[in-house]
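Open the structure in your viewer and keep the selection tool at hand. The tour below goes stop by stop, saying what to select and what is there.

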Amino acid sequence: MAREIEVVSNKQVIFKNYVTGFPKESDMNVTTSEVELTVPEDCRNGVLVKNLYLSCDPYMRSRMRNIPSDDPNFSPFLTGSPVKSLGVCKVVDSAHSEFKKGDLIWGLTNWEEYTLIKSPEGFFKIQHTDVPLTYYTGILGMPGMTAYFGFYDICSPKKGERVYISAASGAVGQLVGQFAKLSGCYVVGSAGSKEKVELLKNKFGFDEAFNYKEEPDFDSALKRYFPEGIDIYFENVGGKMLDAVLLNMRVNGRIAACGMISQYNLENPEGVHNLMTIVYKRILIKGFVVVDYFNQYSKFLDFMLPKIKEGTITYVEDIAEGLENAPAALVGLFSGRNVGKQVVAVAHDGGIRK
């Protein structure tokens, strides 16, 4: 006798069409379909998951353009299909030997209540549940790894060096600043509101911080905070900010190019004019993509988990409750609406945050 398969509703956020300029909530559509709570027989090694928390990240804007990419992590979203991002999930059914029902995992999933993952090899099992599960979208997930490997591996900090971080209150920047302080560096960050500037100084321990929206001249602002120049710049913004930073870098300075959020919504990205400083100041600029470090996840956890439990590292999240609020949460990244790491709790009750 065939077992009865439960069928439930499945709320989804559908990507409607490719975007020019700033994304809008109307570029996505919240709808409901149905899903069977079992892995289909023809989906060998698949897992069916219930999505608990979804990550909102600026890089997702690049996937809203119809521009092919050799890297599947940056390939365009499919129109008429759910938006994709990293998320925290609970296994509902599994045909994979390494994942069983009830496992908590994180990896690339769809913006919907339930997702069939046909190839879950890229997912990480969550072994440590004595910290909030939301942390696996942030401090213990992709943003945390981005901050850790970008700062320590690329920037190679030394005690006493001068560090500047743009978009410093975001998911990555807030951690880079704390890592820099742990390394004995002088740290300055920029953000887009008085509230965020206070957060950088009072919550995350930055030596100084400024509101870039109140600075008519970035070069003058940087000279004010770095009269002797910048050794390390953690790049999250690009454009005019990068141009000004280049003028203020010290000889043998290092720049970790993590992202350039000021350029994501421009059809004609701004040029950078002070590139000759790279030559005569011997500046190292290196771009990186965090997936290249995923094979070192256990090393990262060994470093980060004790810091969280000791209270040495702190983290601020901005949690939107309910999948229907996910489009607004994503769009809000590009106007600085969020304070800290933007997360979407798929259910209004926040699921099992601890």
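Contact, as used on this tour, means heavy atoms within 4.5 Å. Helices (H or I, at least four residues) and strands (E, at least two) are DSSP runs, numbered from the N terminus. The model is predicted: local features need pLDDT of at least 70, side-chain atom pairs count only at pLDDT 80 or more, and totals for chains, interfaces and linings use all residues. Residues are numbered from 1 along each chain as its sequence is written, and side-chain values use heavy atoms, with hydrogens and water left out.

**Stop 1: a covered helix**

Select helix α2, residues 173-182. Eight of its 10 residues are buried, where buried means under 20% relative accessible area, exposed means over 50%, and partly exposed is in between (1.4 Å probe, protein chains only). The buried residues are Gly173, Gln174, Leu175, Val176, Gly177, Gln178, Phe179 and Ala180. What covers them? Show α1 (142-155), β8 (162-165), β9, β11, α7 and β15 (341-345), which are among the elements that cover the buried residues of α2. Following α2 is glycine 184, with a positive phi near 80°.

**Stop 2: aromatic rings**

Next, display the side chains of Phe, Tyr and Trp. Their rings (for Trp, the six-membered one) pair if the centres lie within 6.5 Å; planes under 30 degrees apart count as stacked, over 60 as edge-to-face and the rest as tilted. The whole structure holds 26 aromatic pairs. Pick tryptophan 106 and tyrosine 297, an edge-to-face pair with 5.5 Å from centre to centre and 70° between the planes. Tryptophan 106 is in strand β5 (residues 104-110) and tyrosine 297 in helix α7 (residues 297-310), so that the pair joins distant parts of the chain, 191 residues apart. Tryptophan 106 and tyrosine 297 are both buried.

Now move to tyrosine 186 and phenylalanine 226. Their ring centres are 5.8 Å apart and the planes stand at 80°, so this pair is edge-to-face. Tyrosine 186 belongs to strand β9 (residues 186-191), while phenylalanine 226 sits in the loop between α4 and β11 (230-235), 40 residues apart. Tyrosine 186 is partly exposed at 28% relative accessible area, whereas phenylalanine 226 is buried at 2%.

To see a cluster linked by ring pairs, select Trp106, Phe124, Tyr148, Phe149, Phe151, Tyr152, Phe179, Tyr293, Phe294, Tyr297, Phe300 and Phe303.

**Stop 3: two helices in contact**

Select α4 (residues 218-225) and α5 (residues 239-248), which pack at about 45° with their axes 9 Å apart. Axes are lines fitted to C-alpha atoms, for helices over the stretch in contact, and angles run from 0 to 180 degrees between N-to-C directions. The two helices are therefore oblique to each other; under 35 degrees counts as roughly parallel, over 145 as roughly antiparallel, 65 to 115 as roughly perpendicular and the rest as oblique.

Which residues of α4 and α5 meet? Phe218, Asp219, Leu222 and Lys223 in α4 meet Lys240, Met241, Ala244, Val245, Leu247 and Asn248 in α5.

**Stop 4**

Finish with two single residues. Serine 156, not a glycine, has a positive phi near 45°. Serine 156 is in the loop between α1 and β8 and is partly exposed, at 37% relative accessible area. Asparagine 252 also is not a glycine, and its phi is positive, about 65°. Asparagine 252 lies in strand β12 (residues 249-257) and is partly exposed at 47% relative accessibility.
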